Amino acid sequence: TATFAIGILQKIDLSKLECQALILAPTRELACQIQSVFQAIGERMKVQVHACVGGTAVAEDMRRLQAGVHVVVGTPG
């Protein structure tokens, strides 16, 4: 996870608060883990990451995405 996270973070333009990477994971647990890795590695960059997974409020997902994030991690369904 860290390997592809570092590669993606190198390509992110922090001046643009818009989705620049979409990562799909097969399970909710993996999506949450990927989000945590991106947040840990990109902490000093102040990268915005959000995980869209089932079992959470869709309205909150919509609010976060409209506010702007650099990386979206999600799981189908």
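**Close-up views of a predicted model**

**View 1. The largest nonpolar core and its most connected members.** The largest nonpolar core has 15 residues, and those touching the most other members are Ile-23, Ile-34, Phe-38, Val-49, Val-71 and Val-73. At least two core residues come from each of these elements: helix H1 (2-11), strand S1 (21-24), helix H2 (28-41), strand S2 (49-52) and strand S3 (71-74). H2 gives the most, with three residues. The model shown here and in the other views is predicted.

**View 2. The surroundings of Val-71.** Leaving aside residues up to four places away in sequence, Val-71 touches Ile-12, Ala-21, Ile-23, Phe-38, Val-47, Gln-48, Val-49 and His-50. Among these neighbours, Ile-23, Phe-38 and Val-49 are, like Val-71 itself, listed with the core members that touch the most others.

**View 3. The two sides of helix H2.** The buried residues of H2 are Ala-31, Ile-34, Gln-35 and Phe-38. They lie on the same side of H2 because they cover an arc of only 100° around the axis. These buried residues pack against H1, S1, S2 and S3. On the other side of H2, Glu-29 and Ala-40 are exposed.

**View 4. The length of helix H2.** H2 has 14 residues, so at 1.5 Å a residue it should span 20 Å. The C-alpha atoms at its ends are 20 Å apart, which agrees.

**View 5. Asp-61, a buried residue without a salt bridge.** Asp-61 lies in helix H3, which runs over residues 58-67. Although Asp-61 is buried, it has no salt bridge, and Arg-64, the nearest side chain of opposite charge, is 7.5 Å away. Not counting residues up to four places away in sequence, Asp-61 touches His-50, Ala-51, Cys-52, Val-53 and Thr-56.

Methods
Residues numbered from 1 in each chain as written. Predicted model: local features only at pLDDT ≥ 70, side-chain atom pairs only at ≥ 80, totals over all residues. Heavy atoms only, no water. Core = buried A, V, L, I, M, F, W, Y, C linked by side-chain atoms within 4.5 Å. Buried < 20%, exposed > 50% of the residue type's maximum accessible area, 1.4 Å probe, protein only. Helix = DSSP H or I, 4+ residues; strand = E, 2+ residues; numbered from the N terminus. Contact = heavy atoms within 4.5 Å. Lys, Arg positive; Asp, Glu negative; His and termini not counted. Salt bridge = Lys/Arg side-chain N within 4 Å of Asp/Glu carboxyl O. Expected span 1.5 Å × (residues − 1). Arc of directions from axis to C-beta.
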